[in-house]
Amino acid sequence: MFARLAGTGHFLPEHILTNAELERRVDTSDAWIRERTGIRERRVCSADESVVSMATEAAKRALAAADLPAEHLDLIVVATTSADRAFPSAACEVQHALGITDTPAFDVAAACSGFLFALSVAEKYIVSGAAKHVLVIGSDALTRMCNPDDRNTIILFGDGAGAAVLSASTEPGILSTHIYSAGEFASLLGADHPNRSDEAFQQEAWLYMRGREVFKVAVEKLAELVEHTLAFHQMKATELDWLIPHQANYRIIQATARKLNMPMAQVVMTLEKTGNTSAASVPIALDVAIRDGRIQPGQTLLLEAFGGGFAWGSALIRY
Ligand code: ACO
């Protein structure tokens with residue numbers, strides 16, 4: 001039994017935050033942001049949008065693409081680290097917003113790699129026979145966790161959601177998932193929960209990042225990850241049709257593509273217009289390339305992500 005991608009969808013808020021606007025807010029420049037990251041603009045949630053509302057829209061689009069009524073879902077997994085509430089889970093709220101009940105629903109927290117972690121959970125449920133149809137969503141609003149005065153973080157992140165319906169099939173779909181975590185790097189990247197007991201601290205619960213150090217580890221771990229994923233299947237990089245990377249930084253993505261000897265034309269990029277949407281970035285890129293016809297049935301896709309935890313992971317998929 002395999003877990004196959006039956007349908008995908010994504011949602012981006014309408015409001016666009018350009019580099020030019022950021023130049024007016026903090027000491028930065030459009031040229032610096034584009035050269036160091038590849039980002040030109042990002043989307044930002046309005047006051048009436050949230051991780052749950054974005055996730056629900058992306059989910060509806062994925063369900064429509066899969067032609068599957070929400071009632072047929074056996075499980076909902078939402079990858080997020082920026083939901084409004086600690087509980088109920090974003091997944092429970094999405095379930096309710098989809099107009100269904102009883103379907104088990106829970107969140108997975110693995111920051112930017114959340115979608116890969118959620119995908120691996122969904123795959124295991126399907127392969128074991130415990131579920132036939134699983135809705136997997138990555139949704140994040142990290143712009144709300146960034147200090148608006150901190151040029152190190154505010155330039156990088158955008159909001160959005162991406163979703164995929166996975167269905168049981170005898171035809172190959174997800175060929176494997178590989179996930180890793182290394183908690184010893186917590187001081188390099190994170191965001192403390194505002195309910196921490198230290199009162200003074202509550203005022204400073206913004207996302208923190210030591211970018212240069214994160215960059216180094218990301219490049220190293222992603223190189224190992226793609227190598228390991230291919231070796232697991234005794235596959236050559238030339239057998240891959242598409243690389244669908246986490247959209248954090250153009251230079252990190254380029255380093256991974258170089259490791260695979262893959263031309264950038266085979267790498268799906270949304271970064272320029274979305275910024276880093278955390279757990280949403282991989283499913284957004286996946287959906288964009290499916291909808292615009294670049295990804296075709298039978299092709300082989302390598303999905304990868306790296307982020308806070310540190311947590312990183314890959315999925316090799318026959319579409
Ligand atoms: N605008 C202008 N100048 C800036 C800015 C800015 N926004 N930020 C830093 N600078 C300056 C620095 O002060 C420094 O100046 P100096 O040389 O005079 O000291 C110079 O630019 C270079 O700074 P670096 O931090 O070395 O820049 P770097 O090339 O490393 O780029 C960046 C920074 C874009 C953050 C990069 O390190 C990066 O992308 N890191 C990885 C981020 C990431 O992948 N995060 C993981 C996912 S997030 C998650 O999981 C939630």
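Guide: Pro88 sits in the loop between strand E4 and helix H4 (90–97). Helices (H or I, at least four residues) and strands (E, at least two) are DSSP runs, numbered from the N terminus. The model is predicted, so local features need pLDDT of at least 70 and side-chain atom pairs need 80 or more, while totals for chains, interfaces and linings use all residues. Residues count from 1 along each chain as its sequence is written, and side-chain values use heavy atoms, without hydrogens or water.

The peptide bond from Phe87 to Pro88 is cis, with omega near 0 degrees. Most residues other than glycine have a negative phi, and most peptide bonds are trans.

Two strands pair if DSSP finds at least two bridges between them. In E6, Leu135 stands opposite Ile76. Strands of a sheet pair through backbone hydrogen bonds, either parallel or antiparallel.

E4 and E6 belong to an open sheet of 5 strands, in the order E1-E7-E6-E4-E5, with mixed pairing. Strands E1 (2–11) and E5 (105–108) are at the edges, each with a single partner, so one side of each has no neighbour in the sheet. From one strand to the next, the twist averages 20 degrees. Such angles run from 0 to 180 degrees between N-to-C directions, with axes fitted to C-alpha atoms, for helices over the stretch in contact.

Now for the helices on this sheet. Helix H3 lies across E1, E6 and strand E7 (159–169), at about 125 degrees to E1. Helix H11 (residues 281–291) also packs on the sheet, touching E1, E6 and E7, and makes about 90 degrees with the direction of E1. Contact means heavy atoms within 4.5 Å.

Follow H3, residues 51–66, to Ala66. Ala66 touches Ala6, Gly7 and Val165, leaving aside residues up to four places away in sequence. Ala66 and Ala6 are 60 residues apart along the chain, yet their C-alpha atoms are separated by 4.9 Å. Then comes Asp67, in the loop between H3 and E4. Asp67 is not a glycine, but its phi is positive, near 55 degrees.

There is another cis bond to visit. It joins Gly309 and Phe310, with omega about -10 degrees. Phe310 lies in the loop between E12 and E13. Those strands, E12 and E13 (residues 311–318), pair in the antiparallel sense over 8 bridges. Leu303 has Ala315 of E13 as its bridge partner.

E12 and E13 are part of an open sheet of 4 strands, ordered E8-E13-E12-E11, with mixed pairing. At the edges stand E8 (174–181) and E11 (242–245), each with a single partner strand, so one side of each is left without a neighbour in the sheet. Here the twist averages 10 degrees between one strand and the next. Helix H5 (residues 114–127) lies across E8, E12 and E13, at about 130 degrees to E8.

A polar side-chain atom of Arg212 is 2.6 Å from a ligand oxygen atom. For Arg151, a polar side-chain atom is 2.9 Å from a ligand oxygen atom. Gly211 uses a polar backbone atom, 3.1 Å from a nitrogen atom of the ligand. A polar contact is a pair of N or O atoms within 3.5 Å. On its own the ligand has 1000 Å² of accessible area, and the protein covers 76% of it. That area comes from the Shrake-Rupley method with a 1.4 Å probe.

Several elements give two or more residues to the shell around the ligand: helices H2 (30–37), H6 (151–154), H8 (211–232) and H9 (250–259), and strand E12 (300–307). H8 gives the largest share, 4 residues. Of the 26 residues around the ligand, those that come nearest are Thr28, Cys112, Arg212, Asn249 and Gly308. A residue is near if one of its heavy atoms lies within 4 Å.

Definitions and conventions. Polar contact = N/O pair within 3.5 Å; in protein donor to acceptor, adjacent residues only side chain to side chain.
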